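Me: Please examine the model shown below and answer several questions about its architecture.

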Amino acid sequence: MVIERKWKKWVYFYIPLTIFVVGTLFPFYWMLITAIRPDAELYRSWRAVNNAPFWTLAPTLAHFQDLLAKTTFPQWLWNTFFIAVVSTLISLFCGLLAGYALARLKFPMAGTLGTSIFVTYLVPPTLLFIPLADIIRNFQLGNTPWALILTYPTFLIPFCTWLLMGYFKTIPKELEECARIDGATRFGAMVRIIFPIAVPGILSAGIFAFTLSWNEFIYALIFLSSPEKKTVPVGVVSELIRGDIYFWGQLMAGALLGSIPVAVVYSFFVEYYVTGLTGSVKG
Amino acid sequence: MKKPIAGGAGDAAGTVALPHPRTSGAKRPSAFLENERWLAAMLLAPTVLLLGLFIAYPFVMGVWLALSSTSVGNPGEFVGLKNFLKAWNDSIFRTAFYNTTYYTFWATVFKLTLGMYLALLLNRHFRGKRLVRASMLLPFIVPTVLSTFAWRWMFDPTFSVLNWLLYRTGFIVTKLPFLSDGDWGIWCAIVVNTWRGMPFFAITLLAGLQTINPDLHEAASLDGANGWKRFWHVTWPLLKPVTLVVVVFSVIQTFSDFQLIYVLTGGGPANATHLIATYAYQVGVATGLLGEGAAISLFMLPVLFIVVWLQLRYLRKLEGA
């Protein structure tokens, strides 16, 4: 390797990296410190002499208590979780089958179908939310979790299909052929031989899909109206701001609690997540 | 998953733990799944059904809405291109369109340069690398709405910590108007978008960097290439394909962004920071003019179309090569 001087390593490596780390993590630190700071300290003039914004001497859990007792926050957490899990499962199911078909089977229109699934992958939700709201109303799905459980797969399935298709292509065809020579049906070989090998790919797709649906906002904002039915992002936006007043302590406590579940899932499966992320663009 | 066996002998076969179907007869209903076309049709049916129902159908309906005078509680009638013309002559829409382009351009430039820089830093060996890499992705994991609230609080007109910091270090004497001025507002949004999207660039480019054979760098430095030359002549050409794909994804997401502006500025002050999506929401959902709102959001289509077309053409070229 190229040998470097010590000061050079500091200037070109440690200092920039530290700036990146601080810049990336500061907003999270700020969330935390705001959430545990008493209101009296929170709203103090920025020129006040004794203002020490970066820490607090009187940490309090009052904001968390308010959030859990006075709002339906736990219910939002459960809604978000339920919707994210079910729509992820649906998308994985569809993505597995479709990905296998596109990677392995020969049939007319295979190319066209593959391309159109890829194109739907690139259709952003904000292009379709107005007509979709109408359709949801017509199907009598408005204000139910099913409105989201059925629409989230529209952006999850293309991604899952794409990722799993790439994964299936890396599995040698011979494995299936052997199984079929031994008498397995096509379907049997797919379910018993190929799917078990694809478990890492399935996990990656699942983790990524879960975080995407946990983060979704615009559909949830439009399709749900009663406070107890909302997901965390929508609940925080619409219920923790009353009129023009922002309850920053509660807001930050909510932001923190709403981020923890995805952060935990992510921290357990970082490698799978990264595979899903990089696979999502390479296919 | 097991199909019921049509003929007799089902009981006996069921109790034996063999992966069965050696005894398959032509009558079994699963026989037609041996036909590749039928199997493919079965496997693709759920996907096609869901995507057709919730993407293709709304798309067609969106075009119809955009050509009609529909509003909430009023079925409306066909009005031709009136909604599009109205939007085009609307000064708020023009601002929104300009903002969207501006926002997408600068945010993408920053995400790409900073993401590349970070990827190059993370590609080296140092202690705690895995932890740093994992924590770098946090902004991308956490729901955008929630993290944008933290930024909004940091940009707060009265209690901004950034103002405090700059004031205390002597850079400013009066507060900076972060979100209370349109030009500042859109730049704040660019900063937040960059903060959120940069990890995606960094991690994807890092994955690309890791596939580059270190021997190439070794050879280049033996030939006397310095760091910048090695990047420009060795790393960059090899990284171009993955970069292009990441940029396309990011452009689409940034161009159609909604939640960041919705939380950060709400389109204000005085409609100065709207993006196409937030303005479509304001007109179509908040005001209830479904036809006009649908027309506004369809203005995104040409740009998205060009981007997707370029991407597909590029992918074809790669497959052909």
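Predicted model: local features only at pLDDT ≥ 70, side-chain atom pairs only at ≥ 80, totals over all residues.

Me: Which helices and how many strands does the count for chain A give, and what share of its residues is buried?
Reply: Chain A contains 15 helices and two strands. Of the 283 residues in chain A, the buried share is 46%.

Me: Are helix 1 and helix 14 of chain A parallel, antiparallel, perpendicular or oblique to each other?
Reply: Helix 1 (residues 6-35) of chain A packs on helix 14 (residues 248-268) of chain A with axes 8 Å apart and at an angle of about 130°. Angles over 145 degrees would count as roughly antiparallel, and 65 to 115 as roughly perpendicular. The relation of helix 1 of chain A to helix 14 of chain A is therefore oblique.

Me: What is the handedness of the crossing of helix 1 and helix 14 of chain A, and how many charged residues does their contact have?
Reply: Helix 1 of chain A crosses helix 14 of chain A in a left-handed manner. Among the residues in contact are Met31(A) and Leu32(A) of helix 1 and Trp248(A) and Met252(A) of helix 14. By class, this contact has eight nonpolar and two polar residues, and the number of charged residues is none.

Me: Which helix of chain B gives the most residues to the side that touches chain A?
Reply: The contact takes 79 residues from chain A and 80 residues from chain B. On the side of chain B, 18 residues come from the greatest contributor, helix 2 (residues 36-66) of chain B.

Terms used. Residues numbered from 1 in each chain as written. Chains lettered and ligands numbered in written order. Contact = placed C-beta atoms within 7 Å. Helix = DSSP H or I, 4+ residues; strand = E, 2+ residues; numbered from the N terminus. Axes fitted to C-alpha atoms, helices over the stretch in contact; angles between N-to-C directions. Parallel < 35°, antiparallel > 145°, perpendicular 65-115°, else oblique. Left-handed = near helix turned anticlockwise from the far one by under 90°. Nonpolar A, V, L, I, M, F, W, Y, C, P; charged D, E, K, R; others polar. Buried ≥ 20, exposed ≤ 12 C-beta atoms within 10 Å, placed from the backbone.
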